[in-house]
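Colleague: Could you walk me through reading a few features of this model?

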Amino acid sequence: MNAMRFDFRHVAVLLVALLLAACATGPRVRTDYDPSADFSRYRTWGFYKPIAMEESGYSSWISDRIKDDVRREMEARGYRYVESDPDLQVNFQGIVREKTDVWSVPRTDYQYFYSYRRRAYFAMPFWYDDTQVHQYTEGTLTVDLVDAERNRMVWTGAAIGRVTKRTPHERLAEVDKAIASIFAQYPYRAGSTVPVATD
């Protein structure tokens, strides 16, 4: 039973990568970093072991695609991939949460009364707020850069979007877009402590 529960949790985590849906402008991206980190020390990189999204012990076509995207982004910034003793380790994970939007819409309605004096009906307007509730699923794909020597996270980026149904090819395209959006906010190049302009 515990094994089944663990596998279900793994599947739920993968839903982020499988179904992370962004609007036309792309996912919302949030980043943060360790202000004490010296980014000029980092020239090589590798993957963190175990990767959070593969904590069940196996990979998937989605996690493989994320690895390819991460490799492309890191190499574009001058970092060299090494199997052992990298300066930076890259980890990634996915989280899905049920969310609720609640908002009020102003409405006007009329109540009708009969006037015996005028021998006619007349309308009395009244105003009220109509509460609307919408439930949806939100997915977050997070990429962490970890100082391998200290085993300390020094930079993190997250792409956040609503989960919707997608075809397999659309899912992979959304993964590509999410990773590109995250790394577009990463301001360093290998061996440099001077940030470059981000989008």
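**Loops, helices and core**

Modeller: Happy to. N151 is found in the loop between β6 and β7, and phi of N151 is near 50°, a positive value in a residue other than glycine. Strands are DSSP E runs of at least two residues and helices are H or I runs of at least four, numbered from the N terminus. This is a predicted model, where local features need pLDDT of at least 70, side-chain atom pairs count only at pLDDT 80 or more, and totals for chains, interfaces and linings use all residues. Residues are numbered from 1 along each chain as its sequence is written, and side-chain values use heavy atoms, with hydrogens and water left out.

Colleague: Which residues of α2 are buried?

Modeller: The general idea: an α-helix has 3.6 residues a turn, so residues three or four places apart point the same way. Buried means under 20% relative accessible area, exposed over 50% and partly exposed in between (1.4 Å probe, protein chains only). In α2, I62, S63, I66, D69, V70, E73 and M74 are buried. They cover an arc of only 130° around the axis, which puts them on the same side of α2; the arc is that of the directions from the helix axis to the C-beta atoms.

Colleague: Which residues have the most contacts inside the largest nonpolar core?

Modeller: A nonpolar core is a set of buried Ala, Val, Leu, Ile, Met, Phe, Trp, Tyr and Cys residues joined through side-chain atoms within 4.5 Å. Here the largest has 29 residues, and I66, V70, M74, L88 and Y186 have the most contacts inside it. Helix α3 gives the most to this core, with 6 residues.
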